[in-house]
Amino acid sequence: MTSRNESAKPTPGVAELEEQERRLVFRRFTHDDAWALGSLLVEMARKRHAPVAIDIHRAGQQLFHAALPGSAPDNDAWIARKRRVVERYGCASYLVGARHRAKGTTFEESSRLDPGVYAAHGGSFPITVEGVGVIGAVTVSGLPQLQDHQMVVAALERFLARP
């Protein structure tokens with residue numbers, strides 16, 4: 001359940017997705033930041049009545065997880081598969097898929113990776129720290145892939161705009 005504005009947004013191209021990653025960078029990322037970001041995503045999802053699961057990992061450790069009404073165990077499997085793409089490629093799962101689509105192929109066809117382990121579908125975004133690089137991922141699963149991606153980006157924008 002998304003707002004009309006969100007569903008009316010055009011599908012972002014590779015350049016726009018890359019710009020999101022350049023812009024959405026943390027100065028630091030602590031356990032408290034994971035809790036605050038996860039809680040913000042829960043609040044956003046509840047307002048939209050979105051049946052999602054939300055996950056934040058840093059350096060192989062799960063720092064936050066929530067499953068909202070309407071989500072299912074399959075959402076946790078999708079989270080793991082999308083997060084592995086971020087961990088392997090160092091960029092958003094949606095961007096990885098978009099790069100393949102821009103080349104006229106699919107991630108599944110050209111990556112030669114097990115689709116049961118990796119999913120280049122929208123919803124997992126790297127947690128990048130200035131001067132350090134990618135240290136983790138924030139992931140949403142339960143909506144169509146573009147909406148999962150947009151929810152994470154909107155939360156990161158709000159979170160990083162805080163004083």
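What pLDDT does the protein chain average, and what percentage of the residues score at least 70? In this predicted model, the protein chain averages a pLDDT of 94, and 94% of the residues score at least 70. Over residues 1-6, by contrast, the pLDDT is below 50, although the model gives this stretch eight contacts beyond near neighbours in sequence.

The secondary structure of the protein chain consists of seven helices and four strands, and these elements follow one another along the sequence in the pattern α-α-α-β-β-α-α-α-β-β-α. The protein chain is as compact as a globular protein of its length, because its radius of gyration of 15 Å is close to the 15 Å that the globule rule gives for 163 residues. Taken along the principal axes, the box filled by the C-alpha atoms is roughly 40 × 35 × 30 Å.

Among contacts in the protein chain with a separation of 6 or more, 66% are between residues 24 or more positions apart, and 50% of the 163 residues count as buried.

The table collects the percentages for the protein chain.

| Quantity | Value |
|---|---|
| Residues that count as buried | 50% of 163 residues |
| Contacts (separation of 6 or more) between residues 24 or more positions apart | 66% |
| Accessible surface belonging to carbon and sulfur atoms | 51% of about 8,300 Å² |

As for charge, the protein chain carries 21 positive and 18 negative side chains, and the centres of these two sets are 2 Å apart.

Conventions. Residues are numbered from 1 along each chain as its sequence is written. This is a predicted model: local features need pLDDT of at least 70, side-chain atom pairs count only at pLDDT 80 or more; totals for chains, interfaces and linings use all residues. Side-chain values use heavy atoms; hydrogens and water are left out. Helices (H or I, at least four residues) and strands (E, at least two) are DSSP runs, numbered from the N terminus. The radius of gyration is taken over C-alpha atoms; the globule rule is 2.2 Å times the number of residues to the power 0.38. Buried means under 20% relative accessible area, exposed over 50%, partly exposed in between (1.4 Å probe, protein chains only). Contact means heavy atoms within 4.5 Å. Accessible areas come from the Shrake-Rupley method with a 1.4 Å probe; for residues, only the protein chains shown count as cover. Lys and Arg count as positive and Asp and Glu as negative; His and the chain ends are not counted. The place of a charge is taken as NZ of Lys, CZ of Arg, CG of Asp or CD of Glu. pLDDT is the predictor's confidence in each residue, from 0 to 100.
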